[in-house]
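The following exercises ask the reader to work through a protein structure step by step.

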Amino acid sequence: MENITLKNKKQEGYLKQQLTSGEFVGFMLFVGQKGTGRYKAISDFTASILCDKGNGKPCMMCDSCKLVASESHPDMIRLGGEGTIKIAEIRELQKSLYLKP
């Protein structure tokens, strides 16, 4: 959990609290200026949840951690890589969410 670092300590505490409790919301939206640490925090948080070791810390060696690091984990969806979320991305997301796993 110490791997999650944000400039906004309130948000950082919220993420760490979720890891500690094991209770997660189904969707999170991270917005902010470049350089705030949100992208690294998102990756670390996601790896912490999805890590095969299941101890709240990403091992970065298991298949799940490697998939998160390469942005190809099926349970991690990143939108707005260009800084804005396009309506086409939302439509594709809606379609994929209706599919059964």
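**Exercise 1.** Determine which residue forms a salt bridge with Asp44, and state where the two partners lie.

*Solution.* Step 1. In this predicted model, the partner of Asp44 is Lys40, and their closest N and O atoms are 2.7 Å apart.

**Exercise 2.** Classify Asp44 and Lys40 as buried or exposed.

*Solution.* Step 1. The cut-offs are under 20% relative accessible area for buried and over 50% for exposed.
Step 1. Asp44 has a relative accessible area of 10%, so Asp44 is buried.
Step 2. Lys40 has 53% relative accessibility and therefore counts as exposed.

**Exercise 3.** State how many salt bridges the rule gives, and describe the one formed by Glu92.

*Solution.* Step 1. The count is 2 salt bridges.
Step 1. The side chain of Glu92 meets that of Lys95, at 3.7 Å from N to O.
Step 2. Helix α4 (residues 87-97) contains both Glu92 and Lys95, which are 3 residues apart, about one turn of the helix.
Step 3. With a relative accessible area of 54%, Lys95 is exposed.

**Exercise 4.** Explain why the buried residues of α1 can be said to line one face of the helix.

*Solution.* Step 1. Helix α1 comprises residues 9-21, which is 13 residues. From first C-alpha to last, α1 reaches 18 Å, close to the 18 Å expected at 1.5 Å a residue.
Step 1. The buried residues in α1 are Glu12, Leu15, Gln18 and Leu19.
Step 2. Viewed down the axis of α1, these buried residues fall within an arc of 125 degrees, so they line one face.
Step 3. On the other side of α1, Lys9, Lys10 and Thr20 are exposed.
Step 4. The cover over the buried residues of α1 includes α2 (38-50).

**Exercise 5.** Locate Val31 and identify the surface patch that includes Val31.

*Solution.* Step 1. Val31 lies in the loop between α1 and α2.
Step 1. Its relative accessibility is 69%, so Val31 counts as exposed.
Step 2. Together with Phe27, Leu29 and Ile85, Val31 forms a nonpolar patch on the surface, with about 460 Å² of accessible area together.

Key:
Residues are numbered from 1 along each chain as its sequence is written. This is a predicted model: local features need pLDDT of at least 70, side-chain atom pairs count only at pLDDT 80 or more; totals for chains, interfaces and linings use all residues. Side-chain values use heavy atoms; hydrogens and water are left out. Helices (H or I, at least four residues) and strands (E, at least two) are DSSP runs, numbered from the N terminus. The expected span of a helix is 1.5 Å times one less than its number of residues. Buried means under 20% relative accessible area, exposed over 50%, partly exposed in between (1.4 Å probe, protein chains only). The arc is that of the directions from the helix axis to the C-beta atoms. Contact means heavy atoms within 4.5 Å. Patches are made of residues with over 30% relative accessible area and no salt bridge: like charges are joined within 9 Å, nonpolar side chains (Val, Leu, Ile, Met, Phe, Trp, Tyr) within 5 Å. Accessible areas come from the Shrake-Rupley method with a 1.4 Å probe; for residues, only the protein chains shown count as cover. A salt bridge is a side-chain nitrogen of Lys or Arg within 4 Å of a carboxyl oxygen of Asp or Glu.
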